[in-house]
There are 2 protein chains.
Amino acid sequence: MTDDVVPSLDGFTRRDWQSEETNGTVRFAMVGMGWWTREQAIPAVEASDFCETTTVVSGSAQKVAAATDLADSIEHGITYEEFHDGVAEDAYDAVYVVTPNGAHLPYVETAADLGKAVLCEKPLEASVERAERLVAACDDVAVPLMVAYRMQTEPAVRRARELVDAGAIGDPVLVHGHMSQRLLDEVVPDPNQWRLDPELSGGATVMDIGLYPLNTARFVLDADPVQVRARATVESEPFDAVGDEHVSFGVDFDDGTLAACTASQSAAQSSFLRVTGTEGEVALDPAFYNRQERRFRLSIGSQSVDYDFDRVNQMTEEFDYFAYCLLTGTDPYPDGDHALVDMRTMKAIYAAAERGGDVAVEAV
Amino acid sequence: MTDDVVPSLDGFTRRDWQSEETNGTVRFAMVGMGWWTREQAIPAVEASDFCETTTVVSGSAQKVAAATDLADSIEHGITYEEFHDGVAEDAYDAVYVVTPNGAHLPYVETAADLGKAVLCEKPLEASVERAERLVAACDDVAVPLMVAYRMQTEPAVRRARELVDAGAIGDPVLVHGHMSQRLLDEVVPDPNQWRLDPELSGGATVMDIGLYPLNTARFVLDADPVQVRARATVESEPFDAVGDEHVSFGVDFDDGTLAACTASQSAAQSSFLRVTGTEGEVALDPAFYNRQERRFRLSIGSQSVDYDFDRVNQMTEEFDYFAYCLLTGTDPYPDGDHALVDMRTMKAIYAAAERGGDVAVEAV
């Protein structure tokens, strides 16, 4: 490591977004009690500085009862119907929506009606049209909407963005991004799960994990997609209805950078993002799994440095950042308009795969 | 490292292709005296077991005179005209053709007429049609033709191929490959060089370096491309005529594997190849530069091993392998038909970039 050429990145995991003192706590209603909420979100909130879970919302009284013990702070367990009726609305300030993609809209609409801030899981919805209605529902009553791109509060990703912005690798030229997992063998071993139902998911692989290299590339480059090309294939029967088990897609960004991305729901768990510039390269490898190590390499000319840093809980960072924005009256980011660009890009990716040709991303 | 799961790969740099005793030495005429021949090929042959350079061939008496001192074994320095006239033909057994792409054909034709074995640099020629004539010229008189894909005799690549073939990563699913360098700033600082002349090169970036991820993926997967999609862009004026400075291309292989590849002649030097399978992953990173370190990582499930191995000179391996084949009467590989598949694939990549749509690779 030569400090002359490669910067030392002091305070790698610092919260660059946190500058003011805050008072109080943001109380959350968790809407949707799948494994992600139970095993990732609720523990992350317990470990947070500015958040607590007071309310859990699920489909049946039985599921609700099973979820109320997940944290001491949980005061209310209510059904989806009760949520829509405003039951226990005084017990929470914000709503985390983590239902199947195609069911985000009604819960966000109710949260907006109740005047609650919204943290909505990505992708925003199962179609561009429903995602637009979701964003409008929040805009119409001016409730804050943040989309839960946890990579955007991951320190390794924020440091990569800062380095690219500062010109550390020159001008970005090419990006590679990848994410894969064994969905049915290791993550959610249920062939009838909602991710494999096109009405509920909008697509299995691009929508669920292809979104990670796509959105993280956007964030690190600070650029937006203008055109895509793609190929999607299916090898296993449970993916027949959605049509995308393995995907490869190219993305042309408005700054001229070309990205080559892949994703698979039926390959060994792996993830990386690599940005090659005119003068150097920054690589996160592994990159995208909260439950896996992250590694960060910066190369400039012939010198290369692997940074050691403490892994943080991406979900705790995300919840604390969102709560900090609410407590300080700051607009949270990524917002609905940012997430709509991904929705339009993924629509273009599916269209390109279907058509076998380049497709322009619809402008807003 | 757990030997139970991840194999130990004894003898990483072993020459798996070498099994018999041999007698004698293959004497080479080097045709084309650019920096690659002077700085890479002639020293590599000096370090070899089975080869020597006896003859150098270049465009002018002056260039020839400057090259005859490059090795003690060099007995003859002749011009291209003298080569075509058969001057000093008794002094060499084989010809290494390393002229600009679009000038390979006449030297290979002469070598074939003279009954000399041919090691021809990749890509075979500047167009599919000329490459087909080149292969036919050797086939017609049955002289051995090998194409100089030095990655195919690189031990790290051969070990990767063996592991994939043995099922170590399950079934291959996705491949990422990349190669970039700063051609004009660091490699050949001449805006009038032949690589930037479409007649002589056939293309600057896909043909010169995009070929590395393409061909190495083919070799590691033991599969051939059937369809491609691509985008090529130009930012700097010297690349206007060729039309490809930065490229991103997707390749669909006949075994179902999808590859996402990029290359640039105007980005920081970098190269990697990564094959993700259903059970694991194998990665070469860096991968493709003879003058740069190679690293090899194998991941199976959650275990990952970086193999330490001594870097070999890829060019020495390549020359010794070719000479070993000649001395033992074995057909060398990769042959002309193998290289023609790359020529047809690159033609399809340029067509896809031009058309903005998927293009099928022409069958043989």
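Reader: Leaving aside neighbours within four places in sequence, what is T53(B) in contact with?

Author: T53(B) contacts F28(B), M30(B), I42(B), V45(B), S73(B) and I74(B), where contact means heavy atoms within 4.5 Å. Keep in mind that this is a predicted model: local features need pLDDT of at least 70, side-chain atom pairs count only at pLDDT 80 or more, and totals for chains, interfaces and linings use all residues. As for bookkeeping, residues are numbered from 1 along each chain as its sequence is written, chains are lettered from A and ligands numbered from 1 in the order in which they are written, and side-chain values use heavy atoms, with hydrogens and water left out.

Reader: Good to know. Is T53(B) buried or exposed?

Author: T53(B) is buried, at a relative accessible area of 1%. Buried means under 20% relative accessible area, exposed over 50%, and partly exposed in between, using a 1.4 Å probe and protein chains only. T53(B) sits in strand β2 of chain B, residues 51–58. Helices (H or I, at least four residues) and strands (E, at least two) are DSSP runs, numbered from the N terminus.

Reader: Over in chain A, which residue is the bridge partner of F28(A) in β2(A)?

Author: That's T53(A). Strand β1 (residues 26–31) and strand β2 (residues 51–58) of chain A run parallel and are joined by six bridges. Two strands count as paired if DSSP finds at least two bridges between them.

Reader: And what's the strand order in that open sheet of six strands in chain A?

Author: The order is β3-β2-β1-β4-β5-β6, with parallel pairing. β3 (76–79) and β6 (145–147) of chain A are at the edges with a single partner strand each, so one side of each has no neighbour in the sheet. From one strand to the next the twist averages 25 degrees; axes here are lines fitted to C-alpha atoms, for helices over the stretch in contact, and angles run from 0 to 180 degrees between N-to-C directions.

Reader: What does UniProt place at residues 26–149 of chain A?

Author: The unreviewed entry puts "domain: Gfo/Idh/MocA-like oxidoreductase N-terminal" there. That span is 39% helix and 23% strand, and its end C-alpha atoms are 19 Å apart. UniProt also lists "domain: GFO/IDH/MocA-like oxidoreductase" at residues 157–282 of chain A, again from an unreviewed entry. Those residues are 27% helix and 40% strand, with end C-alpha atoms 10 Å apart. UniProt annotations may be inferred rather than shown by experiment.

Reader: Switching to chain B: how many residues of β11 (266–277) are buried?

Author: Eleven of the twelve, so strand β11 of chain B is largely enclosed by the rest of the structure. Nine bridges tie β11(B) to strand β7 (residues 172–182) of chain B, running antiparallel, with M179(B) partnered by S271(B). β11(B) is also joined to strand β12 (residues 280–284) of chain B by four bridges, antiparallel too. β11(B) and β12(B) form a hairpin with two residues between them.

Reader: And helix α4 (residues 104–113) of chain B, how many of its residues are buried?

Author: Seven of its ten, including H104(B), L105(B) and Y107(B). The buried residues of α4(B) pack against β1 (26–31), α3 (80–84), β4 (94–97), β5 (117–120) and α5 (128–141) of chain B. Just after α4(B), G115(B) has a positive phi of about 75 degrees.
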